[in-house]
Amino acid sequence: MRPEQLLVQEKAAYARVDPPCPYFGTCGGCTLQDLAYPDQLALKRDRIRRALAALGEAPPVELIGLEDPWRYRNKAEFTFGEWDGRLALGYHAARSFWRVVDLDDCLLLPEPVTRVLRDVRDAAVRTGLPPYHPRTHQGFFRYLLVRSSRATGRILVCLMTSPGSADGTAGNGAAVRAVVEGMAHDVVARHPAVESFYWGLTGRVADVAVPEQLILLEGAPHLEERLGPFRIKLHPLSFLQPTSVQADRLYTTVCGRLRPGADGVAWDLYCGLGLIAFYLASRVRKVYGIDGEPHHLELAALNASLNGVRNVEFRAGRVEALLLDRRFWLQEAKPDVVVVDPPRAGLHPRAIASILAARPAQIAYLSCNIQSLVRDLGALRTGFPRYRLAAVQAFDMFPQTNHLETFALLER
Ligand SMILES: C[S@@+](CC[C@H](N)C(=O)[O-])C[C@H]1O[C@@H](n2cnc3c(N)ncnc32)[C@H](O)[C@@H]1O
């Protein structure tokens, strides 16, 4: 069954409410907005229970909601496009790859962020340059990424465009740069909360908001957020859970369930900025963090020194490849506990084999995809049947939307 059909079936059990957002149905984002928040949580809890039934074990599932399920997101990624023949800036329309809903507000974002969105769109219109079209690959403006810090209220903006001169839409390189610098200057002048303005250039054909070149045009290179006791520097491309308050709860809960021992070793696999490693560091002798993106690890190292965390060692590379060095990982770095937080696709079979070879006492699995979570828990338990599912806890990082973040703990 397709995900949209499944969602219609799941929603049938609940009363509908009037969605407060005027873009509901047109915009592809918040598909659960027409359920009351307690019903959204019940639907998600049921979904986890049904998925876990495949494992033949059903520990109680706890789902922690958000006290205020609106204006919680710390990062937004908007796309430029056309709406009624005008330049538009917003989210992809429901069931469409090309159409972009022109937004004046988004109820998941803090209001200062949506004010920046409107001003960037107005500034883009004033330049007279066209939005990029993903079918023709012509046009200039591509994406706008806006991060905001819950702790400081400060904002980081990254405007992404095509290189400009390559497709003839914006003249030569110097002219293009002057246009974007003018926009950056205007936005910073109008919004004192904007700490940094980046320009990202991308000639990629794929519709992904990851620039090949990043230029800091105004302000500081990093935005500072606080998670629990930690000060965290962020970059436009850093991975951070979308709801800072829930991220702190998730990491506190995960680390609270782990018992590595003061002389123990922990692995933080798919560590991103190393946040889980930081939460674990005070309770172990050493944490090893692995991530495939060197730019995450550069910031992880900076954040470790900013927070006085000294017993964490980061390694750049793919988990499934790095862990093949069994002499190191099964001797010097042999873990008492392992935390994994992979992308949607879940764990590579070689990563599963290496974790099983290390045979940690506990494996904490954080997942944004319940299907791959259940598949991988099944593979880990098949590989070593004495692992039992000791706890499942989910955190609603994404109220109003269909997404879910789940933590499962295996113990032997
Ligand atoms: C869901 S994020 C988790 C980040 C981090 N644990 C956190 O809580 O902020 C997944 C991370 O896996 C990394 N990644 C994806 N595939 C990988 C692979 N095969 N090996 C190592 N890291 C990978 C990405 O760069 C990303 O930082």
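How do the residues of the lining of the largest cavity divide into nonpolar, polar and charged? In this predicted model, the lining of the largest cavity comprises seven nonpolar residues, two polar residues and two charged residues. The structure holds one cavity of 30 Å³ or more, and the space within the largest cavity comes to about 60 Å³. Two strands, namely strand 2 (75-83) and strand 5 (141-148), each contribute at least two residues to the lining of the largest cavity. In general terms, rolling a probe the size of a water molecule over the atoms shows where empty space is left.

Helix 3 (111-127) and helix 5 (244-257) are the elements that give two or more residues to the lining of the second largest pocket. The residues of that lining divide into seven nonpolar, six polar and three charged.

The surroundings of the ligand were considered next. The ligand is surrounded by 17 residues, of which Tyr251, Asp291, Gly292, Val319 and Asp341 are the closest. For Glu320, an N or O atom of the side chain is found 3.2 Å from a nitrogen atom of the ligand.

Eight strands form an open sheet with mixed pairing, in the order 1-16-17-15-14-11-12-13. Strand 1 (61-64) and strand 13 (312-316) stand at the edges of the sheet, and because each has a single partner strand, one side of each is left without a neighbour in the sheet. From one strand to the next, the twist averages 15°. Strands of a sheet pair through backbone hydrogen bonds, either parallel or antiparallel. Within this sheet, strand 16 (residues 388-395) and strand 17 (residues 405-411) are paired in the antiparallel sense over seven bridges, and Ala394 stands opposite Thr406 of strand 17.

Definitions and conventions. Residues are numbered from 1 along each chain as its sequence is written. This is a predicted model: local features need pLDDT of at least 70, side-chain atom pairs count only at pLDDT 80 or more; totals for chains, interfaces and linings use all residues. Side-chain values use heavy atoms; hydrogens and water are left out. Two strands pair if DSSP finds at least two bridges between them. Helices (H or I, at least four residues) and strands (E, at least two) are DSSP runs, numbered from the N terminus. Axes are lines fitted to C-alpha atoms, for helices over the stretch in contact, and angles run from 0 to 180 degrees between N-to-C directions. On a 1 Å grid over the protein atoms alone, a cavity is a set of points where a 1.4 Å probe fits but cannot get out, and a pocket is an open set with protein on both sides within 12 Å along at least five of seven lines; lining residues have an atom within 4 Å of a point. Grid points are joined across faces, edges and corners, and a volume is the space filled by probe spheres set on the points. Ala, Val, Leu, Ile, Met, Phe, Trp, Tyr, Cys and Pro count as nonpolar, Asp, Glu, Lys and Arg as charged, and the others, Gly among them, as polar. A residue is near a molecule or strand if one of its heavy atoms lies within 4 Å of it. A polar contact is a pair of N or O atoms within 3.5 Å; within protein, one must be able to donate a hydrogen and the other to accept it, and residues adjacent in sequence count only if both atoms are side-chain atoms.
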